[in-house]
Amino acid sequence: MTRRARRLSLIGAALCVFGVAVGLVLFALRDNIVFFYSPTEIEARHVAPGVRLRIGGLVEQGSFKRDQGRSVTFVVTDGKGNLPVTYTGILPDLFREGQGVVAEGSLDHAGTFRADNVLAKHDERYMPREVADALKKQGVWQGGNSSASTQGVTR
Amino acid sequence: MIVEIGHYALVLAFVLALFQATVPLIGMRLGDARLMQSARSVALAQFAFVVLAYAALTYAHVVSDFSLVNVYENSHSAKPLVYKISGVWGNHEGSMLLWVLVLSICGASVALFSRIMPEPLRAGALGVQGWIGAAFLLFVLATSNPFARFAEAPLEGRDLNPILQDPGLAIHPPLLYFGYVGFSVTFSFAAAALISGRIDAGWALIVRPWVLAAWMFLTLGIAMGSYWAYYTLGWGGFWFWDPVENASLMPWLAGTALLHCMSVMQKRDALKIWTIFLAILAFSLSLLGTFLVRSGVLTSVHAFANDPARGVFILAILVLFIGGALILFAVRANALQAGCVFAPVSREGALVLNNLVLTCACATVFIGTLYPLALEAVTGEKISVGAPYFNLTFIPLCLPLALAMPFGQQLAWKRGTLLGAAQRLTIAAGCAFVASAALALAKGGPVLSIIAAGLAIFLIIGSFADVIARSFRGPGHVLARAFGMPRSAWATSIAHAGMGLTILGLASTGWGVEEIVRMQPGQAVAVGPYELTTTSIVPGKGPNFEQTVAHTLIRAGGVTVAEIDPAQRFYPVRQMSRAEAGIATLGLGQVYMSVAEVNHDGSIDARLYWKPIVVLIWIGALVMAAGGLLSLSDRRIGFAYVARARRRAAPPIAQAAE
């Protein structure tokens, strides 16, 4: 093999691997990113049913209900908008009414959010960052921001 | 008083770091041996003072001195002693102090184990270490001082985050930091080589042990972190593609690439510029990891801090070092001699392929980790890039490596033949094929798992094809030849086989069983081949928590094989609860059970898992690290070489590099 052919084959291999990587990244980024919305934003944006998304806000006081089995329903609020959520499974240890929560799933046709994953692993002082931002946007955020989140735990 | 001594020692360490950052480099510029030699003693003195500071903080934690803000916020007098000691780094300030401590240990080791290296190289490397040390000591002193006091001391502390009250905290951060910070040594040597404009095979020989050591620690640190997350978070998952995990995976990928291309540089005196670049990249990614975790950009279990001043400071450090190194690289890289061009089918060609794939994989992880941050900064849209993205990019890129790794080992330097390599790998390929066919017929399961399992078996057997074939060739007894082979040959085989074990463990997740059930006491639930019965649900009390324990028997065919005690714990000081999983290791598989709070009717909601051969994931990492250790002990590569060369009057490396 000549020097030139060797160099070409190396460059060719590099371009191949690089091209595959770029292709995979573009393909994966198109279909596998999940947007985060607050209940108000969901109303405003008319999100289509079935689209995977993350929602966040506070669990409204008095909204938590257990259905038969392990299904639960609750309402997530950001002060302005409300969104009913259903979830089947074990709730995180720190799930409480009045606390911040993030849920992942999609809307059904009735406008209920079917969550397949609920994240609330934080202590009593901590608020998930997205939730805090969403609440600030709606102007219902009170309380010290930095001391509230110095011991943050989301998982 | 002891605390004030510690604080003062930290300030002194900072001043010494400033000295170390300037004087040796001036000496290097002027060619003054005495100025250059000062680097060693200053590095050792800096180490001593940081140890003093660290010891003082540990003392304050052990005696529960709540007049310190740091101790008050993260400790409690009732906390067990082991968590008082490990709790020192279970918070932002202490963790950064540990970072600095590990950095000073690295600096001191360079000073101690570098007698044979050329004086300018050592002075340059220690000078750059001085810069890093000064930057981080200033960061600790200015924004994250662990020695800050209250005017009036509280009577009791607020306790450590319960998730961190675990033996994992004692092991995971130090291992990870030795990995992260270990790459600072490689970085410093690379920068020194760029400053002096000299780099050759001798440089690779000197630096290789440091890369190996950092890589080993990082491997163990990541594996330990993964196992800790697995048993402590109660979800049965061991890798979440969380930004914090990715932050440790990226330097590992870059470090693995660096490790492999160093051997090309050592053997063929080529790929110099690329090696230097990877050395810079590995530490840059370590710094990025520190930034992501420490700045509070991401809020997660590791991000104790949420103070923007800290974030900006670390970002400045990041920009200074990465930017500085890359500018130095751009200016000086042309001065380095370019190496030869390789044959594509050869050991070095295979190593180039390895580097290509690993850096591309690293780039995909980088994009997935930082894209949400960048998008939010630019457009305000909040997105999350989760496991599906990474599974779709990382796995297709990296899984073929398992196929390529045994081939790479079979190829000779300079020129190899694929056909010959394939012939020597027929047994391995046959075993892999039979095993995956048997799996597919007997168990079914996801196609990806079957492919991955087949590749893993090919990799494990194929890794040893070379050493075994060489043992049976030539004169003398087989064992004598096997043991007479260079340790680095065995080390490669073992490390590669370790990777195979990990892949096999990962593949096995396809055959796992997950059940989410409401269990009444006495009721039996089938999980995989086992039957679980919770016999009693009783309250209990620990040193600083209350708990409900669900005592559970695991039966196979009516015989009790294990008992587990999953619990729901409540930590009153922090008003926090967490699930303590009950795990029984049966063979290489594990039964995993985590419970929620008790329901009104006395039943308990539980997650039950059967995970066949899951333990291999972490055993594989241990085996990889063992391979690294064996390579370190190789007389031609590791520290032992350096030690022997020192004993000799005329050190060959010094000549080669001078």
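A crossing is left-handed if the near helix is turned anticlockwise from the far one by less than a right angle, and right-handed if clockwise. I keep that at hand for the helix pair below.

**Ground rules.** I am working on a predicted model, where local features need pLDDT of at least 70, side-chain atom pairs count only at pLDDT 80 or more, and totals for chains, interfaces and linings use all residues. Residues are numbered from 1 along each chain as its sequence is written, with chains lettered from A and ligands numbered from 1 in the order in which they are written.

**Chain B overall.** I found 21 helices and eleven strands (DSSP runs numbered from the N terminus: H or I of at least four residues, E of at least two). The radius of gyration, over C-alpha atoms, is 26 Å, close to the 26 Å of the globule rule for 658 residues, so chain B is as compact as a globular protein of that length (the rule is 2.2 Å times the number of residues to the power 0.38).

**The pair α9(B) and α12(B).** I looked up residues 243-268 against residues 347-379: the angle is about 160 degrees and the axes are 9 Å apart (axes are lines fitted to C-alpha atoms over the stretch in contact, and angles run from 0 to 180 degrees between N-to-C directions). The two helices are therefore roughly antiparallel (over 145 degrees; under 35 is roughly parallel, 65 to 115 roughly perpendicular, the rest oblique). Their crossing is left-handed.

**Helix α7(B).** I note 30 residues, 167-196, reaching 45 Å from first C-alpha to last, close to the expected 44 Å (1.5 Å times one less than the number of residues). Just after α7(B), I see B:Gly197 with a positive phi of about 75 degrees.
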